[in-house]
Structures are given as structure tokens and as C-alpha cells.
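Subject: Structure for you to look at

Hello,

Here is the structure I promised to pass on. Please open it beside this email and follow along.

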Amino acid sequence: MAVCPALHTALSSLLAQQVGLNTVGHNIANANTPGYSRQRAILQPATANHYTYGAIGQGVVIDSVERIVDEFINSQIRDADNQAQSGEIRQAAYNRLEALFDELSGNDLSTATDRFFQSMHDLSATIEDQPTRDLVVQEGESLRELVNTLYAAMTDYRTTLDNNVLVEVDKVNNLLDEIAKLNVQIGINEGTTGAPENDLRDVRDSKLRELAGIMDITAIEQPNKSVTVTTKGMPLVIFERTYHLTTRLSTAENMPIHEVVFEDGGGKLLTTSGSLPASMEARDQIVKGFMDDLDQFAASLIFEFNRIHSQGVGTDALTSVVSENVPLDADVPLDQMNLGFTPMSGTFTVKNGSLTIDIVNAATGETLKYRVPIDLDGVGADTTLNGLAAAINAAVPAGTITASVDTLNHLHIDSDDPAAYGFFFSEDTSGVLATLGINNFFTGHSAGSMGISDTLTASGRFLATGKTLNSGDSDNLLALLDLRDQPVLDGNSKSLEEFYRSMIGRMATESATNTTRLQVNNDVLVRLENERENMSGVSLDEEMTRMIEYQRAYQASARFMAVLDTVLDSLINRT
Amino acid sequence: MRITEAILANNFLRDLGYNNTKMSRTQQQLASGTIISLPSQDPGIAGQVMDINDHLRRASEYMRNASVGTSFLSETDNILSNINSLIISARTLAVHASNGTINAAQRRGTAAEVQQILDEIVDSGNRRFRGRFIFAGFNMLETPFEITGDGVIYNGDAGRIGMRMSDNSKNFINITGREAFGAFDATVQGGVDLDPALDLAPDGTMLRDLNGGVGFTPGYLDVTYGAVPTTVRIDLSGAETLEDVATLIQAGTGGAVTVGVDGTGHALTLAGPGTVTVADVNGNTTARSLGILGSGAGGFTGMDIDPRITALTRVSSLLNGAFDTSGFTITNGSASVTITAADLGGTVQDLLGAINNSAANVHAEISADGRSLDISSRVNGATMTITENGGTTAADLGIASAGVRADNIFTTLIDLRDALMADDGPGIEATIAKFDTALDKILQSRSEAGARVQRFDYSSARHDDEHYNMTALLSEVNDVDYSKAVMDYQQLSNQMEAALRVAANVLPLSLADFL
């Protein structure tokens, strides 16, 4: 029997144990590397030599160095991370909204509204007192400033979210490129050697996980060792070919927001979860939803308050008014006017009714009423803006007031002799005054455009507190105060107070629900990661133990080799 | 099960995070004193808090209003009490002076005292509260009472100042000169129902003035017409005037059925082909409120729908135009005004304006039931007569009067003074009973004021209770229970310490230390 085969056996052992030790060392070195899967050297007994008397083993060969990984857990982790990232983005949005609205703090919109109505309430006790009147205008100013600020802040946040979208799309494209590159490399390397590219695969796995956090993907390994990545059936990476995403400006709104489409062909991105779709959801549904609610609140407040205000008079009669809102076409019936903006539900509409103008004769102190019918019954010729001006002029005596429409379609009503005649409106059943913005308190038609009429900012004398010029008449002020609790929103079912409260309630509930979901998601994610650790994580104690095994085996093999050396020495040198 | 270092570390960090979150929340509760600082921390509590705050706000407002009302009425009552004493003094003077043993010179001296009392009562009536005249109604910045040769003129009106003192009621906080002094007692109340004719012009009769002011029920009605009966449902919910109704019915039936006014001017007529029938839909009363529920071949006449008189009613439509237009003259003490045919050519407000803005110191208005005109003299002491101007206008309109004179404290004092100056014994005696009547009136107003103050107090007390209860409820709902919170915090703190200690002992263990 030859000695040399035994040397081979010893040698194979030394090499194998070394590989084992290397693997252990690699594991220990990467114990804290995120996404690392522990590797194990798989040793097999070498093919035996067959003799007539039997088989003699030839030592150990290394079959492969494998990483211990469960692809199923990986895909579950990707899904959980995807949900968790969505939840985080939504949570950030709700947190930002709650911080903006700052309800329950005393610096919020409901307090500002309270103070505004409170100032009117205080006025009701001393209705002719000018400083108290001016105070009402100032509180109105504070209220509208807060509304404007809230709206602007939410608009800014939408822009931030939009920027997020752009950043996420860049990240996606970079990740797709890297995955494609890894596909190629792994394919080549594994093709040449046949051995698994453990570390590169780990890197590819972590890129896939990062991508899954951004949008939901399906990743399937192909026979050619590449991973095909798709999202909702649309390809993202096929071997080395990537399908990039791009953004384009959406025409859906007045402010610049982007939608995400595929570069190639412009197909829409259909994913619904992940930080990218969540950013778009936060931008277009969550934040926008509350902006729409704030708009509805503001528009209804403006319109209904103006409606009551326009039907009253302050301590002085008016001598000149100009409408704020103008229709595109002054010859269109008043209930079909296009005012240049889309009115929120239940606001800025005119219906069949009449307008009563009261003309005050300064010399005699007499006030006479004149009714102007506003014909919008859909039969015959309905009243247009031009028609309204003509009807006003026809209803009042000559030489008192004149109504006219200028080139920009503003309606002007002017006293022909301000020293002799003043006017006001004691009734408007059609809503035309509030729609056109005549004798109004608030200007604008939405949360962003809300303002206070210049006439009132100049002097509180024109705050319409009475139905007549009698100094003690506070009937209109009482009507304004009653507005707070009247159901004018949501198809006439909710008051301003209730609408606002249900908006905040909705914000609170949605936020609380999201927090709970996020917590659950995070818990699931941690559990899955622990499972992954269980399977693929490095346990230092385990590695230590294996290290001792390999070390002792190496020592024993080295000893064996020394013994063989003495045997050979005896054979060669002592004979 | 393999537990790697990473698992131990992750679990520890996660639990540490949870603990920290809970501790931070408890800290926030302790610092702020409330259970929630953001609505999302507990939407249920947030909703309740907002609702309670709303109730608190309302209760405060109502209490504030009640206190304003109470102080206004208390001041009113003080003044009335003052006036009460003055009237008693005057009565005493009258009793004394009616004695036959008093001579003319003494009576003249007493007359001066009576004048003094009159002046003082007028001054009291002109008292102000926080800069506004108390008895002037809405005319709060103009002196309500002034003395002239004819008597005491009242410049105020009947305006009632309202303030909301509970969810469903508006309470009035003033008493006008009319109520307290009978300042408008010299009134000619229109004795004829002026029943204005229906007006189908675009600025004519408004539907809300029909049926004596009850108005009309908006909704649908069915019109059937034609040789081959066709039924059309007409939507009148947007209609505001009779002209709207006529237009909509005519348009809805393609012009086949027309609407007009009958000869008496009191009812609508419908005319159309075949048998014209109007019916209500689903138990509504739209057609009935227009008086056109019915049917007839070729059309039919509806029922009297009795419109109110309004400022914009044309004078020519009163009594369906069946009255003389020569006009009338109102004489009030030394002043007068003549209403001519020209003044009767416009609307009711023109007629009222002509009367009210004249120098005659009269106040004309539409009566409360909307059927006629009331004309009152503002001058207490003068006799107002309404006489014809060559025709029968005043009688036709039911406002003719041979003379009315107020019978209140002002006129009684003036009569007493004049009787004293004229040494008129029976005249003086006649005034004594009248003082009793005036005292009754003052007493009535004082009781009214007192009753209202009582109501305000009651309402205020209720709201005070509500405020108290709501504040307690708010505390229950959202205030932190300090003992519980501090104990929770202590417990969490202990938990935290234990977790840290265990981690410190377990995490560093490694086989490497033993090899």
C-alpha cells in the first residue's frame, strides 16, 4: 500500500479545515452586516479508491460554500417592509396635519372662530360703538389670516411630498440599475465557476428589499441566475434590461404636481403600497382631502356670512358698491354664470327671487323700498348681469342711484348724489349679492383666497348690524350670530361648527387608525426579521464553537501529516 | 431555535423603544394635566372635549346676555319707580287743589309745580343707559320726549331689542315709550279691511304675504287640462311671487292654461281648454294655499287668498281700487298735513312716507294684522282729527276720525296744569282718576320688567349650573388622574430599569470571554 494517498488525505483535510476556518472568519467578520446570510462550508468525503480488499477513503473535499437563506421569509419581509414604509409616510402626513391644525391647543381655528363670533356678541350690547365695531373687523382679519396660513402650509406640504416623489423615483431607477448590474455579474460568475456567488446575492437581496420598501414588487429568480423584478405585472428588471420610471407634470390641478409613469411607453404605475405610492396618496388624498374640507368650510362661511351681511346696513348707508366677483359673460342668466372659479357645494349660486333696495333720502331721513325681481324660473328671458343693472335702474326713481356694468363685468351701484341719497339692501332672497360679492364682509371664495372687504377694513361703520338705519337695530347682527349653529353645510345637515368638528374628528380617527396599523406592521416586521435571523443570522457563540472544531481538526490533520512524514522518513532514510 | 446576538439586540431595542414611548406619553400627561394633547391620541375623548367646549361657550354667552338684559331692565325699573313717585306727588297736588277753599292765585302757583313735575317726568323718560336712550325703542341716539306748545312729542319707535338667552329663544331687554307711557295712545285704527287686490306684475304680490301672512306651501301641483285630458306636474318650489306661479303654470302647460285675477281682485282664475283641474300632490297643500284647488270646464275661479298689505303694495290695489281719491287732511294740534291724490298714486310706503315725513308729527304704519292702516299722533296733549279733502277717502279707507287724544300721564298733567291756570275746579277734579290710570300703566310696565328680569335670572341660573356641570364633565373626560399617572410613571420607570439591568447582564455574555 502506498503512503502517498494518505498524504493526499491529510492535505485534503488541511485545505478543507482551512476553508472551514475562512468561512467562520467571514461569518464573524460580517456578524453585524445588515442583510448578510451566514455561510457554511459543505464538506463531503472524497471519492474512495477501490481495492480488491475494499475501498479506502481519500479524505475530504469541499462541495460548496453555501449561504443559509430562506427565500420565502425574504419575500415576506419585503412585503412587510413595503407596508411599514407606506404607514410611515402616511403617519408623517397625519402628524404634520395635526401639528398644523393644532386643535385643543387654544391657537387653533376653532378658537379663532370663537373669538370672531365673541367679538360680534360683545358688539350686540353696544351696537353703535365704533371701536367695538372695528374690533369685529380685526377679529375677522385674524380668522381669515389663520385660514389662509393653514391652506398655504398644506399647499407647501404637498409640494414637499411632491419633491419626495421625485426623489423616490430617482432612487427606484438607481436601484433598478444596480440590480441589473448584479444580475449580470452573478450570471457571469456563477456561469464560469458554477459556485454560488453568496456575497453578491446578499447584496442583490438587500437592494431588492430596499426597492420593495419603495413600491410593491415581485422578484423571481430565473434559471439563468438573474432575478426578474415586476410590479403588478409590469416589468422593471429583466436580466440586464431595466424599465425606468419617470415623472411628468399632471394637468389635473393648478399647482405643479407630478405623476409617475414608465419612461418607455408612458404607461401608468399601478402600485398602491410602498413609500412612493404612499407619498402620492398623502399628497393627493390625505392632505388634499383636508384642504378640500377647509375650502368647503371657508367657502360656506364666506358665502353664508356675506349673504346675511349683504341684507343689512351699518351706521351709515352705502353710497357706492362694486361687485367683487365677475362673470365671464354679462349676458348669461345669473344662475349659469361662470365666475372664474369652481364654487364649493352650496355656495355662490343664484336662484329665483328678488332684491329689495332701500334708498335713503338724506334731507328727509326717509327710506323707501324698491323691489327688483330676479327672474330665474327658466321660462322666457332670465335675468342676466346686464339685465340686473337695467332692472335696478328701472325700479328706482331717476336721480337717486344708478347701476352699471363696466368692461370687466363688475356691477357698480352708485348714488347719483352721495350727499343726498344713500342706499342699502334690506332683502335678497336670490343670493345674488353674496354671489357677486356686494356689501360683503369676507372677500374670496375659498380658503386660499379668503380676505376681508376693504370697505370694512377702512371703517367699522359699514358692518351691517341692522335691518334699518335705526341706531338701536341689531336684528342683522343677531342673524349673523345665529349663523354659527345653522345647518348650511353638507346638504343643509351640518352647521359650520359641526362640519369643522367632524373634519377634526376624521383627522383624529384616521391618524389613530394609521398609528395602530403601523404599530402592527412594525411588530410583524420585527418578528419576520427575527425569523430571518434565526435562519440566516450569525451567532458568535456558534461560530466560536465551529472554529474550535475546525481548529482541532486542522491540528489533528497536521499531526497526522507529521506522522506520515516520519513513516516516509523511516522508509526512505532508514532503509 | 437559534438565537443570535442580533435577535437579542433587536428585541431589546424594540422593547426599550416601546417603554420610552409610553414613558414620554405619561410625562406629557403629567406636564399638561390632560389625558390627550392631540386629537389622534384618543378621537373619542377629542370629540367629547370639543362638544363640551361648545356647550361651555354657549352657556357663557347666554349668561353674559342675561346680565346685560338684567342691568338694562333694572335701570328701567329704577326710572319707572322714580316716575311713580312723581305721579303720586302730582295726584296729591290735584287732590289738594280741587278743594273749593283754594283760590285762583294758589291754583296758579300749583300749576307751576305741576309744570315742574311734567318736566321731570319728561327728563326721566329721556334718561340714558350706557349712552343710549332707554325708552326710545330702536331710535336710541335721538331724544325720545320733547315738550312743545301742543304737548309732549314722542320721537322713539316700537323697536324691541333682542338678545339670545338660550338656544331657542330671543328675549327683549327694553321697554319702549309706547308701552311704559302710552305715548302712542292717540291712534286711529283702520276700521276697514283694505283687502288689496292680487297683483300679477313681476314686482307684485309676494307668496309669503298670502293668507294673511301665513304664506304658501312650496311644492308641486298637478294641472289637468285639454279636450284629451293631459296632466302636468308643475314645480312651484322656487316661486316667490304670484307672477312666478302664473309663468310656471303657463310654461308648464305649454301656454294652454293661463292664470289671471278675478273681478273682485281677491282670487286667482285659471282658464284653459277642456276641463281644467288643479290638484295637490302627496297630501301637500301647495294648490290649496294658492286657493286654486278645484276644477271647472274651461277654467274656474279660486278662493280668496287674502294678501297682507306691505310697504310695496300699490295704493290703487287697496279695496280693489274702489275708493275715492280726493284725499284727506290730518290735523294734529297746531300742525297738519293734507294727503292728495298724488300721494295716493304710488305704493303704500309712498303714502306712509307722505304722512310720516310731514310736519304734522304723526306716525302711520300698517296694522299688525296687515289688513289696514293705523295712524297715531306723536303729540301727547294735542287732538288729532282726520277729515275729508272734498271726497270720501278717509271714510272709505276706514281712517276717518272726529278727534282722538291720548289719555296718558302727559295729557293728564297738561290738563291739570291748564285747569289750574284756568281756575277750573271740576276740571282739576276730573284728573284725579286719570292719575290712577297712569299709575296702573307704570305698574304694569314695572311688573313686565320684573317678570322679564326673573326669567333672565332663571335662565342665567340654569346656564350657570350647566356651565358648572360641563366644566366638571370636561375634567372627568380629559383631566389626568394624577395619582394614577404618577403610579403608572413609577411602574414604567421600574420596568425600564429592570430591562436595562437585564440587558446589561445578558448582552455582553459571549463564549469568547471563556476561551
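Which residue stands opposite A:Asp414 in strand 15 of chain A? It is A:Thr402. Before going on, please note that this is a predicted model.

**Strand 15 of chain A**

Start with the strand that holds A:Asp414. Strand 15 of chain A covers residues 411–415, and its side chains alternate. A:Leu411, A:Ile413 and A:Ser415 point to one face and are buried.

Two strands pair with strand 15 of chain A. One is strand 14 (residues 401–405) of chain A, which runs antiparallel to strand 15 and is joined to it by five bridges. These two strands form a hairpin, with five residues between them. A:Asn409 sits in the turn and has a positive phi of about 75 degrees. The other partner is strand 11 (residues 320–322) of chain A, again antiparallel, over three bridges. Here A:Val322 stands opposite A:His412.

**The nonpolar cores**

A:Leu411 turns up again in the largest nonpolar core, which has 207 residues. A:Leu411 is one of the members that touch the most other members, along with A:Val172, A:Ile179, A:Val287, A:Ala298 and B:Ile375. Helix 2 (residues 43–98) of chain B gives the largest share of this core, 19 residues. Another core lies apart from it and has 28 residues, including B:Leu198 and B:Val245.

What does A:Val287 contact, leaving aside its neighbours within four places in sequence? The list is A:Ala93, A:Leu97, A:Met154, A:Tyr157, A:Arg158, A:Leu161 and A:Ala282.

**A sheet in chain B**

B:Ile375 leads us to chain B. B:Val188 stands opposite B:Ile375, which is in strand 16 of chain B. Strand 16 (residues 373–377) and strand 7 of chain B pair in the antiparallel sense over three bridges. They belong to an open sheet of three strands, in the order 7-16-15, with antiparallel pairing.

Why is one side of strand 7 and of strand 15 of chain B left without a neighbour in the sheet? Strand 7 (187–189) and strand 15 (362–366) stand at the edges, and each has a single partner strand, so one side stays without a neighbour. The twist averages 15 degrees from one strand to the next. Helix 7 (residues 348–356) of chain B lies across strand 15 and strand 16 of chain B. This helix runs at about 165 degrees to strand 15 of chain B.

**Where the chains meet**

Now look at both chains together. 53 residues of chain A are in contact with 52 residues of chain B. Several elements of chain A each supply at least two residues of the side that touches chain B, among them helix 2 (71–101), strand 12 (353–361) and helix 12 (540–573). The largest share, 15 residues, comes from helix 11 of chain A. By class, this side of chain A has 16 nonpolar, 21 polar and 16 charged residues.

Is A:Glu498 buried, exposed or partly exposed? It counts as partly exposed, because it has 18 C-beta neighbours inside 10 Å. The C-alpha atoms of A:Glu498 and A:Arg484 are separated by 9.4 Å, and these residues are 14 apart along the chain.

Last, the domain assignment of chain A gives domain 1 (4–68 + 538–573) and domain 2 (86–158 + 290–507). Their C-alpha centres lie 90 Å apart.

Best wishes

Notes
Residues are numbered from 1 along each chain as its sequence is written. Chains are lettered from A and ligands numbered from 1 in the order in which they are written. This is a predicted model: local features need pLDDT of at least 70, side-chain atom pairs count only at pLDDT 80 or more; totals for chains, interfaces and linings use all residues. A nonpolar core is a set of buried Ala, Val, Leu, Ile, Met, Phe, Trp, Tyr and Cys residues joined through C-beta atoms within 7 Å. A residue is buried if 20 or more other C-beta atoms lie within 10 Å of its own, exposed if 12 or fewer, and partly exposed in between; C-beta atoms are placed from the backbone. Helices (H or I, at least four residues) and strands (E, at least two) are DSSP runs, numbered from the N terminus. Two residues are in contact if their C-beta atoms, placed from the backbone, lie within 7 Å. Two strands pair if DSSP finds at least two bridges between them. Axes are lines fitted to C-alpha atoms, for helices over the stretch in contact, and angles run from 0 to 180 degrees between N-to-C directions. Domain bounds come from an automatic or database domain assignment. Ala, Val, Leu, Ile, Met, Phe, Trp, Tyr, Cys and Pro count as nonpolar, Asp, Glu, Lys and Arg as charged, and the others, Gly among them, as polar.
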